[in-house]
Amino acid sequence: MADDVYSRIQNVNSVTNDNSPYSYFVDALVLQVIEDLMEQLGYTETQAYTAVYSGGLSIYSTQNLMMQQICDEESNNDANYPNLKEYGLDCAITVTRADGTVENYSSGHIKQYVRNTYGDSQGLVYSSEEAARAMVEEWKSTIAQEGDTYDENINVTPQPQSSVTIIDQNTGQIKAMVGGRGTKETSLGLNRAYQGSKRQPGSCFKPLAAYGPGMDSCGKTLATVIKDEPYTLRNGKVLRNAIPTT
């Protein structure tokens, strides 16, 4: 109850509306400092935001600028994504009617419109940025009324998305971070390197879960050949990586 929410929102908006948004690395650093100020020094969230943005703090990071530049360039190099180029649509639209009433819409409304109109269950993935924005305008025409005003936040991002985190394994320091592919439009947006967007790990855990223990305790070596063929356990159960499909 004591938190001055509106002042904090105004402070954050004054930063995130900057024409030069912070990098993903700086976003993560800002949030970590705010969290540390709250947990270790007992700051309220408002006090922590104020200290970071206008408190005159000197903050020294672990970022390696050369590594960061390489990560930024390679993450956004379309040549690294040769087989699939699509664009995902995400938006939030507030409509103020002539009588002053306010209606809020999201990407879900556009997805439902595409599904009902074109039978496309996807609805939010397009072949180009222009096609995505054109669909927004088409959908808006279905709700438009005379005297409307619109407040729109439309993000069109290339797909597939990606993220990168480079860590010095000796110190645990983060040297570079990229939280998404495409032009970064705002500060403190979604950072896929550590916020949400969780995915199953695929085969990246095998060195720790299978090959490491095999060499440590089961007599395997770096020269051990593992045949890619059906394998039967002593109890007669056949191991399979995937269920065959027809």
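How far is the sulfur of Cys-204 from the closest cysteine sulfur? Keep that question in mind as we walk through this structure, which is a predicted model.

The answer is 17 Å, and the closest cysteine sulfur belongs to Cys-71. A disulfide is a covalent bond between the sulfur atoms of two cysteines. To count as one here, the two sulfur atoms must lie within 2.5 Å, so at 17 Å Cys-204 is too far from Cys-71 for a bond. When the whole structure is searched, zero disulfides turn up.

Cys-204 is exposed, with 59% relative accessible area, whereas Cys-71 is buried, at 10%.

Now let us move to helix 5, which covers residues 107–118 and includes Ser-107. Is Ser-107 buried or exposed? Ser-107 is buried, because its relative accessibility is 7% and the cut-off for buried is under 20%. If we set aside neighbours within four places in sequence, Ser-107 is in contact with Leu-89, Asp-90, Cys-91 and Leu-124.

Our last stop is helix 7, made of residues 206–217, where you can find Met-215. With a relative accessible area of 39%, Met-215 is partly exposed.

Note on methods: Residues are numbered from 1 along each chain as its sequence is written. This is a predicted model: local features need pLDDT of at least 70, side-chain atom pairs count only at pLDDT 80 or more; totals for chains, interfaces and linings use all residues. Side-chain values use heavy atoms; hydrogens and water are left out. Helices (H or I, at least four residues) and strands (E, at least two) are DSSP runs, numbered from the N terminus. Buried means under 20% relative accessible area, exposed over 50%, partly exposed in between (1.4 Å probe, protein chains only). Contact means heavy atoms within 4.5 Å.
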